[in-house]
Amino acid sequence: MIRRPPFMSTHRGAMVALVLGISVFSIQDPIIKSLSGTYPLTEALAFRGVVALPMFTLLVLSIGPLRNLWTRRPLGLMGRGVLMIASYTTFYLSLADLSLATTVSLWFTGPLFMVAFSPLMVGERQGWRRWTAVLVGLVGVVVIAHPSNETSWAIALPVAAAVFYAIGQLTARRIGIGIPAPVISWHQNFVYLIASIGLALILAPFVEGYTGTGSLAFLIRSWLMPTLDDAALLGACGLIAVIGNTLIVFAYRSAGPGAIGALEYTAMLWAVLWGWVFFGNLPTPLTLAGAALIVASGLYAVTRAPARG
């Protein structure tokens, strides 16, 4: 069985593990964005699944026999996988049109949607302060989407990704009790692989003759045989998923979301850095202002306890 290093079992170790996990995951963003003008997203998802699924299978084997995959609510886990691939797909489609900083800023409305949906999905009562945080975060979305800023229909994609992510995480709270994290991750990545191939087949009739650009082209473009360098980058996304997921699981098994969850917002720093280093993009003043509202409201939402009652 894979065990947490002793240091990661402490609160400080959990903080380090979470920051490292977020940092590792952030590397995926510039990789996908840099390849979005050449390969379709479905191909990138398939590469990720082919590399990641065997690794997650080994993680499952480290905690018991493979039959554990099918003993506890497999259909519920598959349904959650559909929600998560919808989040993953809409997030990365937006990168073909938006900067990293804009995309990540809008995606961080996820914790706010979790607050908004939690009364219905998990029966968690929210006080007026948390609802105010949700409204402030939505104002941040409006600021980022202001006509004078970076604007297009793609602005809606990372927000949709945040909605799917929030529903997927709340679903995990309902069905994931008692299910080992590697089992949940295995089902999620299995859905990624199958869904990417299925979506590519569905879109195949629309590929021929399509000459568009941006997010829609990233979805519809035909598959290509990648160069060795590009194949290495696409495959690296699978390795990144396994390492990042393992670190984050270690972190949250050692400390609760309320204690360390705010550190997930370090992803904003990586988004700005990678956007500048790899694409020469710096966030506009409106993006920074909107991101500040979203981050501030999100920090409040994840660190304040739900209302009692």
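Guide: Begin with a definition: rings of Phe, Tyr and Trp (its six-membered ring) pair if their centres lie within 6.5 Å, and planes under 30 degrees apart count as stacked, over 60 as edge-to-face and the rest as tilted. Ring pairs link Tyr-88, Phe-91, Tyr-92, Trp-107, Phe-108, Tyr-165, Tyr-192 and Tyr-265 into a cluster. The model is predicted: local features need pLDDT of at least 70, side-chain atom pairs count only at pLDDT 80 or more, and totals for chains, interfaces and linings use all residues. Residues are numbered from 1 along each chain as its sequence is written, and side-chain values use heavy atoms, with hydrogens and water left out.

Visitor: How many helices and strands does the protein have?
Guide: Helices (H or I, at least four residues) and strands (E, at least two) are DSSP runs, numbered from the N terminus. Along the sequence the pattern is α-α-α-α-α-α-α-α-α-α-α-α-α-α. The count is 14 helices and zero strands.

Visitor: How many aromatic pairs are there, and which class do Phe-91 and Trp-107 fall into?
Guide: The ring rule gives twelve aromatic pairs. The ring centres of Phe-91 and Trp-107 are 6.1 Å apart and the planes stand at 75 degrees, so this pair is edge-to-face.

Visitor: Which helices does that pair link?
Guide: The two residues are 16 residues apart and the pair links distant parts of the chain. Phe-91 belongs to helix H4 (residues 74-94) and Trp-107 to helix H5 (residues 100-107).

Visitor: Are Phe-91 and Trp-107 buried or exposed?
Guide: Buried means under 20% relative accessible area, exposed over 50%, partly exposed in between (1.4 Å probe, protein chains only). Phe-91 has 7% relative accessibility and therefore counts as buried. Trp-107, at 18%, also counts as buried.

Visitor: What does Leu-106 touch?
Guide: Leu-106 is found in helix H5 and is buried, with a relative accessible area of 0%. Its C-alpha is 9.5 Å from that of Phe-91, 15 residues away in sequence. With contact meaning heavy atoms within 4.5 Å, and not counting residues up to four places away in sequence, Leu-106 touches Val-141, Ile-144, Ile-155, Pro-158, Val-159, Ala-162 and Ile-294.

Visitor: Which side chain makes a polar contact with the side chain of Ser-215?
Guide: Ser-215 sits in helix H10 (residues 214-220) and counts as buried at 2% relative accessibility. A polar contact is a pair of N or O atoms within 3.5 Å; within protein, one must be able to donate a hydrogen and the other to accept it, and residues adjacent in sequence count only if both atoms are side-chain atoms. The backbone oxygen of Leu-93 lies 2.6 Å from a polar atom of the Ser-215 side chain. The side-chain partner, at 2.8 Å, is Asp-97.

Visitor: How many residues of helix H2 are buried?
Guide: Helix H2 spans residues 28-35 and is mostly covered. The buried residues are Gln-28, Asp-29, Pro-30, Ile-31, Ile-32, Lys-33 and Leu-35. Of the eight residues in H2, the number buried is seven.

Visitor: Over which ring does Lys-33 lie?
Guide: A charge sits over a ring if NZ of Lys or CZ of Arg is within 6 Å of the ring centre and within 35 degrees of the ring normal. Lys-33 lies 5.5 Å from the ring centre, over the face of Phe-279.

Visitor: What share of the 309 residues is buried?
Guide: The share refers to the whole protein, with its 309 residues. Buried residues make up 50%.
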